[in-house]
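Here is a short walk through one structure, ring by ring and helix by helix. Keep the view open as you read.

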Amino acid sequence: MERPYILHMLTPGSHMSPFDVNMAADAGYQMIVPYCGVDTKATAGLTQDAIFSRGPKGVARTGLFIGGRDVHQAADMLDAARQAMVPPFIVSVFADPSGSYTTAAALVACVLSQLQKTHSTGLSGMRVLILGGTGTVGRIAGVLAAAQGASVLLSSHQGLDAARRAADETSRRFGVRLDGVSGSDSAAVRAALAGADVVLGTAAAGVQVLSEADLSVASRLLVAADVNAVPPEGIAGVGVMDNGKPLAGTHAVGIGALAVGNVKYQVQHRLLQRMRNADKPVALSFPEAFELACDVLAEVK
């Protein structure tokens with residue numbers, strides 16, 4: 001009898017995301033086992049329990065998935081899992097806390113695609129403002145945009161100190177340069193937006209971060225992208241289905257949540273399949289997700 005494909009799913013939270021469980025099943029894993037309340041310290045022991053029980057052939061049909069809600073902790077847990085493995089007992093591992101790695105990858109890839117298509121340019125030298133930037137998607141989108149050569153501002157409705165703290169933490173952890181800016185009131189948002197070439201809405205669902213009046217100051221804006229699919233629109237005038245639609249009152253085009261979500265879904269599904277089908281173990285995080293997101297969009301072209 002062939003050994004089953006097993007995915008061990010680790011999360012620091014009280015439950016594993018049903019979304020991720022469904023995605024794992026659809027990617028072909030036959031046994032999906034969640035482990036809740038797992039911190040970075042416990043990751044090594046669970047990893048070694050998973051790898052030493054199946055033998056070299058069994059580890060090829062064993063995978064680890066790391067969830068949770070903290071992008072820094074997920075990265076630390078991925079590192080801990082990899083360091084706990086002993087050749088030839090090495091399994092594939094994929095980190096995607098709250099779907100933030102794959103969502104951020106899809107978001108930035110969609111923005112890059114529209115910059116190239118509509119404005120014949122890339123992210124290098126662009127000034128990118130991320131509203132709701134201290135959350136899981138915002139931080140990783142900032143890291144990816146900065147890696148493409150953009151100047152990135154993370155904005156927080158809690159004010160300048162919170163934004164700078166998140167920017168500094170994320171910069172140190174992932175080796176990029178991010179800056180913080182206040183988004184505590186309309187005046188602060190408009191001051192930051194006036195100098196932005198790209199704006200990303202990554203705030204909580206159902207929160208509008210930019211009004212039509214706010215957009216009146218966005219004279220440099222080229223692309224506005226929003227991941228909020230719950231009314232009202234996170235960025236006024238950007239519909240959930242928009243994918244390069246001109247944004248009224250600006251020179252920008254809009255990208256909506258479902259356009260981003262379609263790419264995110266394909267990226268997560270394909271990465272889970274890649275892990276399951278890999279001849280050699282793979283370690284997957286947001287850089288691999290971004291590369292794949294760009295490939296998915298290139299296929300559409």
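**Aromatic pairs and their surroundings**

F286 counts as buried, because its relative accessibility is 8% and the cut-off for buried is under 20%. The model is a predicted one.

Start with the aromatic rings. The structure holds four aromatic pairs. One of them joins F65 and F94. Their centres are 5.4 Å apart, with 85° between the planes, an edge-to-face pair. This pair links distant parts of the chain. F65 is in strand β3 (residues 62-66), F94 is in strand β4 (residues 92-95), and 29 residues separate them. F65 is buried at 1% relative accessible area. F94 is buried too, at 0%.

Now return to F286. Its ring pairs with that of Y101, the centres 5.1 Å apart. The planes meet at 80°, so this pair is edge-to-face. Here too the pair links distant parts of the chain: Y101 sits in helix α5 (residues 100-119), F286 in helix α11 (residues 286-300), 185 residues apart. Y101 is buried, with a relative accessible area of 0%. Y101, F286 and F174 form one aromatic cluster.

The charged end of R276 sits over the ring of Y5, 3.9 Å from the ring centre.

Next, look at T43 in helix α2 (residues 40-52). T43 is buried, at 0% relative accessible area. Beyond its neighbours within four places in sequence, T43 is in contact with L10, V38, M77, A80 and A81.

Finish at Q266 in helix α10 (residues 257-277). Q266 is partly exposed, at 23% relative accessibility. From Q266 to M16 is 20 Å, C-alpha to C-alpha, and 250 residues in sequence.

How values were computed:
Residues are numbered from 1 along each chain as its sequence is written. This is a predicted model: local features need pLDDT of at least 70, side-chain atom pairs count only at pLDDT 80 or more; totals for chains, interfaces and linings use all residues. Side-chain values use heavy atoms; hydrogens and water are left out. Helices (H or I, at least four residues) and strands (E, at least two) are DSSP runs, numbered from the N terminus. Buried means under 20% relative accessible area, exposed over 50%, partly exposed in between (1.4 Å probe, protein chains only). Contact means heavy atoms within 4.5 Å. Rings of Phe, Tyr and Trp (its six-membered ring) pair if their centres lie within 6.5 Å; planes under 30 degrees apart count as stacked, over 60 as edge-to-face and the rest as tilted. A charge sits over a ring if NZ of Lys or CZ of Arg is within 6 Å of the ring centre and within 35 degrees of the ring normal.
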